[in-house]
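Please read these notes with the sequence and the model side by side. They run from the whole chain down to single residues.

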Amino acid sequence: MGANTREPIHIKLKQDAKPQFRKPRQVPYALLPLVEEALDDMEQQGIITKIEHSEWATPIVSIKKPNGKVRICGDYKDTVNLATETVTYPLPIFERLLAGVSGCVKFSTLDY
């Protein structure tokens, strides 16, 4: 996992959007060292930056992965999601997806 090397993502806010600040949820005590380690790693890689103050904040959800590490996800349902313009993308047709993998014999998943 490393810093984003692609073009920056631009999120378009609704005109009437107001900053939303949600307090953090409690991290289970057993996961606390793993969460701190994951956050430190993300900071060292330039993915996140510590700040002193923000008008926007959303709680995180920490999920333990099969490899013993933690996946940190932001719960944006009450913050950013409500403030952004809706962007719709057409879902691919299932049959076309199947046709695209026809004849393939090896499959994999990626999980940071």
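1. Contacts. A contact means heavy atoms within 4.5 Å. In the protein chain, 69% of the contacts with a separation of 6 or more join residues 24 or more positions apart.

2. Basis. This is a predicted model, in which local features need pLDDT of at least 70, side-chain atom pairs count only at pLDDT 80 or more, and totals for chains, interfaces and linings use all residues. Residues are numbered from 1 along each chain as its sequence is written, and side-chain values use heavy atoms, with hydrogens and water left out.

3. Confidence. pLDDT is the predictor's confidence in each residue, from 0 to 100. The protein chain has a mean of 89, and 95% of its residues reach 70 or more. Among its elements, helix H1 (residues 32-44) has the highest mean, 95. Helix H3 (residues 94-100) has the lowest, 88.

4. Elements. Helices (H or I, at least four residues) and strands (E, at least two) are DSSP runs, numbered from the N terminus. The protein chain holds three helices and two strands. Along the sequence they follow the pattern α-β-β-α-α.

5. Overall dimensions. The radius of gyration of the protein chain is 18 Å, whereas a compact globule of 112 residues would be near 13 Å. That radius is taken over C-alpha atoms, and the globule rule is 2.2 Å times the number of residues to the power 0.38. The C-alpha trace spans about 50 × 40 × 25 Å along its principal axes.

6. Surface. Buried means under 20% relative accessible area, exposed over 50%, and partly exposed in between (1.4 Å probe, protein chains only). Buried residues make up 12% of the 112 in the protein chain. The chain exposes about 10,200 Å², with carbon and sulfur atoms supplying 57% of it. Accessible areas come from the Shrake-Rupley method with a 1.4 Å probe; for residues, only the protein chains shown count as cover.

7. Thr84. Is this residue buried or exposed? Thr84 is buried, because its relative accessible area is 13%. Thr84 sits in the loop between helix H2 (80-83) and H3. Leaving aside neighbours within four places in sequence, Thr84 contacts Ile11, Lys12, Leu13 and Lys14. Its side chain reaches the backbone oxygen of Asn81 at 3.4 Å. From Thr84 to Ile9 the C-alpha distance is 13 Å, across 75 residues of sequence.

8. Ile93. The loop between H2 and H3 also holds Ile93. With a relative accessible area of 45%, Ile93 is partly exposed. Ile93 and Asp40 are 53 residues apart in sequence, and their C-alpha atoms are 40 Å apart.

9. Cysteines. The structure has zero disulfides (a disulfide is a pair of cysteine sulfur atoms within 2.5 Å). Cys73 counts as partly exposed, at 29% relative accessibility. Cys104 counts as partly exposed too, at 41%.

Notes
A polar contact is a pair of N or O atoms within 3.5 Å; within protein, one must be able to donate a hydrogen and the other to accept it, and residues adjacent in sequence count only if both atoms are side-chain atoms.
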